[in-house]
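Here is a short briefing on one protein chain. Keep the structure open and find each residue as you read.

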Amino acid sequence: MLVVDLLFCILLWRIRPNYKNKYSLVGFIFGVAACMFIFLPVSKFMTNPLDGIGTIVGSDSVVVEFDSWVGSAPEILRFLNCGPSTLPIDEDCELVFYYEDCETCKKLISGVLENHNPIPVVFIEGSSVSELDALETPANSYRYCKLTDDYDWFFEAPCVVSLRAGKVTSVSTGLSGY
């Protein structure tokens, strides 16, 4: 967006209206109109890939806002690294966001693994290294993913996001998630 602003400023600086000459004024008005009709529609296509996920802080930090996802598909799925596993996002499933060093997260995950949930559960880690990969669990019920290293992810953990037919139906944080 900054590029469009700079181009517009350069255009206005270059085509200054000379009120004594009506052709200069017409050129200025034409230039402003051209910018509005060319640059404004183009700016609609210049969206931020993190829109719909949370608040962007600085250049590479994202504060995830789970509550804003209710009723829509979670955009954060584009930023998951799940290895060879496929995500069951078009069916009913639970997304469990956690940090490896979070004691409350470990309690929640233990409870999920003990309950043998009938719907798929996707564990999504917010840090870089996971101990959960070593756990032996049925491959058809659980998936282990991590958020990409492209951004620093910050969220309240643990958080359970319920998906029904690919749309978020509920969000719960802390041990109340299960």
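**Helix H3 and its surroundings**

Helix H3 covers residues 103-115, which makes 13 residues. From its first C-alpha to its last it reaches 19 Å, close to the 18 Å expected at 1.5 Å a residue. Keep in mind that this is a predicted model.

- Which residues of H3 are buried? They are Cys-105, Leu-108, Ile-109, Val-112 and Leu-113.
- Which exposed residues sit on the face of H3 turned away from its buried side? That face carries Glu-103, Lys-107, Glu-114 and Asn-115.
- What covers the buried residues of H3? The cover includes four strands: E4 (93-98), E5 (121-125), E6 (142-147) and E8 (159-164).
- Just after H3 comes His-116, which takes a positive phi of about 50°.

**The whole chain**

- The chain has 178 residues, and buried residues make up 35% of them.
- Its secondary structure comes to 3 helices and 9 strands.
- Along the sequence, the pattern reads α-α-β-β-β-β-α-β-β-β-β-β.
- Take the contacts between residues at least 6 apart in sequence: 64% of them join residues at least 24 apart.
- The accessible surface of the chain is about 10800 Å². Carbon and sulfur atoms account for 59% of that surface.

**Salt bridges**

How many salt bridges does the structure hold? There are 4.

- Glu-94 and Arg-164 meet through their side chains in a salt bridge, at 3.4 Å from N to O.
- Glu-94 lies in strand E4 and Arg-164 in strand E8, so this pair ties together parts that are 70 residues apart in sequence.
- Is Glu-94 buried or exposed? Glu-94 is buried, with a relative accessible area of 7%.
- Glu-103 forms a salt bridge with Lys-106, and their closest N and O atoms are 3.8 Å apart.
- This pair lies in helix H3, where the two residues are 3 apart and therefore separated by about one helical turn.
- Glu-103 is exposed, with a relative accessible area of 53%. Lys-106 is partly exposed, at 35% relative accessibility.
- The side chains of Glu-75 and Arg-78 also meet in a salt bridge, at 3.5 Å from N to O.
- Glu-75 is partly exposed, with a relative accessible area of 34%. Arg-78 is partly exposed too, with 49%.

- Val-57 is partly exposed, with a relative accessible area of 43%.
- Which residues form a nonpolar patch on the surface? The patch is made of Val-57, Val-63 and Phe-154. Together they have about 240 Å² of accessible area.
- Strand E2 runs over residues 61-64 and includes Ser-61.
- Ser-61 counts as buried, because its relative accessibility is 14% and the cut-off for buried is under 20%.
- Leave aside neighbours within four places in sequence, and Ser-61 is in contact with Thr-55, Ile-56, Asp-152 and Phe-154.
- Where does Glu-65 lie? Glu-65 is in the loop between E2 and strand E3 (80-81).
- At 35% relative accessibility, Glu-65 counts as partly exposed.
- Not counting residues up to four places away in sequence, Glu-65 touches Ile-53, Gly-54 and Thr-55.
- Glu-65 and Phe-155 are 90 residues apart in sequence. In space they are 7.3 Å apart, C-alpha to C-alpha.

Terms used:
Residues numbered from 1 in each chain as written. Predicted model: local features only at pLDDT ≥ 70, side-chain atom pairs only at ≥ 80, totals over all residues. Heavy atoms only, no water. Expected span 1.5 Å × (residues − 1). Buried < 20%, exposed > 50% of the residue type's maximum accessible area, 1.4 Å probe, protein only. Contact = heavy atoms within 4.5 Å. Patch = residues over 30% accessible without salt bridge, like charges linked within 9 Å, V, L, I, M, F, W, Y side chains within 5 Å. Areas by Shrake-Rupley, 256 points an atom, 1.4 Å probe, with all protein chains shown as cover.
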